[in-house]
Amino acid sequence: MARLIRNKQGVPSTLLTRFLNSPSSLLTLPYYSTSKRSLRTLAYEEIQANPNKPYTHTAFILHGLLGSARNWRSFSRTLVSSLSDSPSEWRMVLVDLRNHGNSAEMEGLDPPHDLVNAAKDLGNLINSKGWESPDVVIGHSMGGKVGLQFAKSCGNRDYGENVKLPKQNSFGYSILSLEK
């Protein structure tokens with residue numbers, strides 16, 4: 001989607017690009033963040049309260065239509081900070097869904113660009129990284145729909161034995177959709 005906005009005539013792309021890429025200097029909560037992307041996987045960012053402690057739980061955060069992982073940094077930092085007093089260590093994985101954020105320029109994310117393929121991208125990310133399945137998937141709007149499709153596909157074992165349904169936990173939800 002970002003590619004489409006940049007290519008439209010009449011949109012001041014330098015101003016838009018500067019706004020979308022501006023750092024968030026207002027947040028001062030302690031956290032550890034890394035951005036990564038491998039060939040043919042989605043772009044993502046990891047946030048942990050303490051990088052020296054191994055994480056025991058993972059939450060995937062999925063943005064809405066026209067959004068990106070950056071939209072959820074503040075929320076994720078606050079959540080990680082509030083969970084840092086618990087005995088378990090949480091990791092938030094903020095995912096840029098296909099055609100959004102840093103995943104917009106990726107090769108290999110071929111059409112059709114639908115919920116099934118967006119959810120399959122999550123399964124491919126987990127498999128390519130050798131990660132355990134997330135304990136929680138939190139999605140806003142379109143991200144909630146992708147999360148629900150991901151859960152349905154996990155239940156059908158569409159992504160193999162490694163990718164399982166998100167677990168029940170202290171949040172009380174396996175999938176949280178903020179969409180009305």
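## Basis

The model is predicted: local features need pLDDT of at least 70, side-chain atom pairs count only at pLDDT 80 or more, and totals for chains, interfaces and linings use all residues. Residues are numbered from 1 along each chain as its sequence is written, and side-chain values use heavy atoms, leaving out hydrogens and water.

## Overall build

The protein chain holds five helices and six strands (DSSP runs: H or I of at least four residues, E of at least two). Their order from the N terminus is α-α-β-β-β-α-β-α-β-α-β.

Of its 180 residues, 42% are buried (under 20% relative accessible area, 1.4 Å probe, protein chains only). The chain exposes about 10,100 Å², with 54% supplied by carbon and sulfur atoms (Shrake-Rupley method, 1.4 Å probe). Take contacts (heavy atoms within 4.5 Å) between residues at least 6 apart in sequence: 75% join residues at least 24 apart.

## Serine 76

Serine 76 sits in helix α3, residues 73–83. Beyond neighbours within four places in sequence, serine 76 contacts Ile47, Ile61, Met92 and Leu94.

## Helices α4 and α5

Leu115, Val116, Ala118, Ala119, Leu122, Gly123 and Ile126 of α4 meet Met142, Lys145, Val146, Gln149 and Phe150 of α5.

Note on methods:
Buried < 20%, exposed > 50% of the residue type's maximum accessible area, 1.4 Å probe, protein only.
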